[in-house]
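Please keep the sequence and the coordinates at hand while reading.

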Amino acid sequence: MTMSAGWYLRRLSRMGPREIGGRAGDAVRRRRWRSAPPDCPDVAGARFTAVLPAGTLAAVPPDAVKRLTAEADRLMDGHAEFFGVAREDLADPDWSYDPKTGRRAPLVYAFDVPYRDEDAVGDIKQIWEPSRHQYLTVLAAAYAVTGDERYAERVAAHLRSWWEANPPLRGVHWTSGIELGIRLLSWVWVRRLLDGWQGAAALFEDNPVARNQIWHHQRWLAAFPSRGSSANNHVIAETAGQFAAACAFGWFPSSARWRADALRSLERELRSNTFLSGLNRELATEYHGLVLELGLAAVAEADAAGVQVPATVRLVLLRMTDALAAVVDNRLRPPRQGDADDGHGLIVDGAGTDRWASLLSTGEAVFGRLDWWPTVTGTDVRTPLLAAFVQPYARKDTAPAVSRPAERPAHFADAGMTVLRGPEEIWVRCDGGPHGFLSIAAHAHADALSVEVRHDGIDVLADPGTFCYHGQPEWRRYFRSTLGHNTLELDGGDQSVSGGPFLWTRHARSRVLVAEAAGAAAGGTARWCAEHDGYQDSVHRRRVELATLSRELTVVDEVRGPRGDVRLAFHLGPAVTAELEGNRARLSWSRDGEDRSAELDLPASLNWRAHRGESEPPLGWYSAGFGRKEPATTLVGSGVADGTTEFTTVLRFQG
């Protein structure tokens with residue numbers, strides 16, 4: 001996918017003067033570095049002291065060790081999977097090769113690489129992901145818990161291979177700050193986890209090639225920060241990686257300045273990226289997880305190095321953790337909202353480890369759990385490693401007095417998210433929040449007033465997910481479209497106007513009118529109502545009621561404005577089978593061998609059809625993770641709204 005002149009004009013229109021000036025300076029610096037790249041200063045006597053405290057590894061649960069070593073053994077055999085593509089070449093990877101398209105990114109000056117153009121480079125996510133080196137942190141963790149030097153030797157071989165194949169400022173791995181930031185964090189943990197291996201110092205601090213790479217990564221991040229309308233999760237990854245490296249690899253004349261600058265940026269951007277309620281402002285749940293992981297990792301480095309962190313940093317992370325505990329369903333699954341690309345901040349666990357349970361476990365160790373928090377039964381490697389460094393919040397002299405929620409929050413007013421909970425683990429998310437974050441809302445979907453419904457963790461009315469970013473524009477458009485969500489489309493258009501795959505030029509504005517979530521828990525009825533102005537001349541208003549005794553969810557849609565064509569979509573989860581007869585759908589699924597069912601009564605004034613796995617155009621799909629999609633049933637009702645019509649949908653869960 002190449003960017004047209006029109007895209008650049010639209011993108012420019014979303015920037016302010018300061019951002020434009022900063023980007024102009026970046027362009028000048030790129031030209032200067034082409035002819036006169038900066039040189040790494042010579043350093044002597046570099047030492048790595050940020051080692052794991054004694055006894056840390058003994059605290060890792062045996063079942064977590066078992067999962068970790070099983071994953072490490074698969075990696076040793078060369079097997080891995082990235083975004084749905086199986087890799088069998090990881091014993092000796094080609095760092096610029098995309099196995100999905102068979103293309104190889106050119107090894108040219110970094111800022112000449114057209115990384116958005118799949119025809120020239122390949123699928124950039126497939127190339128970038130292995131070079132975050134998070135599979136190397138898994139191998140290094142396996143060495144740490146077993147002492148098996150095979151893992152350490154493989155890590156060393158791959159790092160030396162990568163450093164040789166990717167000299168500073170050459171190739172695709174020097175084009176994006178988030179990649180450099182996460183890679184630096186991985187290198188910090190690789191060095192830490194390999195401590196005790198006789199070759200660790202020779203691989204890192206005594207190795208001029210490694211020092212050169214580490215210095216250039218930090219110099220790059222200091223020179224080219226994400227700015228203005230792009231200062232979302234990317235800037236958090238950049239500053240967290242920069243800060244971690246400047247703490248653990250503080251060997252250079254600029255290390256103290258980089259550390260201080262990164263900490264100031266981290267504090268500022270964590271606050272900017274997070275609502276006071278604790279939810280991430282991008283309103284994309286996986287980025288909430290990514291930012292929380294990065295923030296916790298950064299605080300761990302600060303405490304390991306004895307660097308004082310502003311109290312607001314810990315406060316933001318505390319609020320994020322409490323917010324995560326509040327919104328997950330009974331199976332610890334959070335909402336599937338906005339973009340998701342399977343991005344992680346730090347990986348030291350094997351397959352089968354629950355990411356969200358791991359974050360809550362770390363939150364419990366660092367901040368302490370509240371009485372209303374869900375119970376976490378799983379284990380992980382990462383929690384004892386981070387908890388060994390991060391000082392518990394209650395013991396921090398700089399911790400500000402904060403009132404944490406006495407009861408489980410259900411309505412997050414600033415984020416426009418409301419979670420209704422009913423009997424038998426019925427979970428309903430209602431979306432009446434802003435259209436993403438910053439002027440481009442890069443990771444937002446056109447999903448205003450959408451609902452997401454689960455029963456005992458099973459997606460019944462599902463958010464279909466994300467699937468892809470680059471290279472498949474028709475699929476990118478579908479998965480973030482209004483029709484691609486459980487909401488109402490008017491006159492064939494999205495509620496918000498897209499200007500590109502990560503750019504929205506007009507944002508629907510939503511407001512929540514009613515949020516009474518406590519009713520269902522008290523044995524009555526929970527109510528929610530919101531509206532948005534995305535259709536300009538018309539207002540879409542939606543009312544949702546969850547009744548406890550009848551186990552009924554009622555959704556009422558109305559369009560106030562001129563007569564228009566409507567399509568009302570309900571996307572079923574992949575585990576749900578539907579039999580549609582007229583305007584009634586009988587739904588069935590199973591959980592743990594037990595059959596479940598529900599009836600969905602759809603508005604009779606609309607003509608209903610079931611769609612499944614259609615490609616021209618896309619409709620009836622579910623993406624469980626980035627790069628993966630599977631057919632799922634979507635029910636679409638078509639008709640006319642005349643300004644007075646109400647469309648009522650009732651979902652009845654059967655006994």
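**A guided reading of the predicted model**

Aspartate 491 is situated in the loop that links strand S10 (488-490) to strand S11 (497-500). The model is a predicted one, and in it this aspartate 491 has a positive phi of about 55° although it is not a glycine. Aspartate 491 is exposed, because its relative accessible area of 52% lies above the 50% cut-off.

S11 and strand S12 (residues 503-506) run antiparallel and are joined by 3 bridges. Between the two strands of this hairpin there are 2 residues. Within the pairing, glycine 500 stands opposite leucine 503 in S12.

Leucine 332 belongs to the loop between H14 and helix H15 (355-367). Is leucine 332 buried or exposed? Leucine 332 counts as buried because its relative accessibility is 9%, and the limit for a buried residue is 20%. Aspartate 491, by contrast, is exposed.

Another backbone feature is found at glutamate 616, whose peptide bond to proline 617 is cis, with omega near 0°. Proline 617 is placed in the loop between strand S22 (614-615) and strand S23 (618-619).

Which residues of H2 are buried? They are Glu19, Gly22, Asp26 and Trp33. These residues lie on the same side of H2, because they cover an arc of only 60° around the axis. An α-helix has 3.6 residues a turn, so residues three or four places apart point the same way. Pro17, Arg31 and Ser35, on the other side of H2, are exposed. The cover over the buried residues of H2 includes helix H1 (5-13) and helix H10 (208-223).

H11 has 16 residues and reaches 22 Å from its first C-alpha to its last, close to the 22 Å expected at 1.5 Å a residue. Of its 16 residues, 15 are buried, so H11 is largely enclosed by the rest of the structure.

The structure holds 7 cavities of 30 Å³ or more, and the largest cavity contains about 100 Å³ of space. Its lining includes Leu279, Asn280, Leu283, Ala284, Thr285, Pro335, Gln337 and Met417. Helix H13 (285-305) and helix H14 (311-327) each supply at least two residues of this lining. Which helix gives the most to the lining of the largest cavity? The answer is H14, with 3 residues.

Histidine 288 also lines the largest cavity and is part of helix H13. With a relative accessibility of 5%, histidine 288 counts as buried. When residues up to four places away in sequence are left aside, histidine 288 touches Gly278, Leu279, Asn280, Met320, Ala323 and Leu324. Among these contacts, Leu279, Asn280, Ala323 and Leu324 also belong to the lining of the largest cavity.

The strands towards the end of this account are linked through S27. Strand S16 (residues 552-560) pairs with strand S27 (residues 646-653) in the antiparallel sense over 7 bridges. Strand S20 (residues 594-601) also pairs with S27 in the antiparallel sense, over 4 bridges. Arginine 652 of S27 is the bridge partner of glutamate 552, and arginine 652 is likewise the bridge partner of glutamate 599.

Leucine 568 lies in strand S17 (residues 564-571). At 0% relative accessibility, leucine 568 counts as buried. The C-alpha atoms of leucine 568 and valine 636 are separated by 5.6 Å, although the two residues are 68 residues apart along the chain. Leaving aside residues up to four places away in sequence, the contacts of leucine 568 include Thr487, Leu488, Arg542, Asp557, Pro603, Leu606, Trp608 and Val636. Phe647 and Thr649 are also among the residues that leucine 568 touches.

Conventions
Residues numbered from 1 in each chain as written. Predicted model: local features only at pLDDT ≥ 70, side-chain atom pairs only at ≥ 80, totals over all residues. Heavy atoms only, no water. Pairing = 2+ DSSP bridges. Buried < 20%, exposed > 50% of the residue type's maximum accessible area, 1.4 Å probe, protein only. Arc of directions from axis to C-beta. Contact = heavy atoms within 4.5 Å. 1 Å grid on protein atoms, 1.4 Å probe; cavity = no way out; pocket = protein on both sides within 12 Å on 5 of 7 lines; lining within 4 Å. Points joined across faces, edges and corners; volume = space filled by probe spheres on them. Expected span 1.5 Å × (residues − 1).
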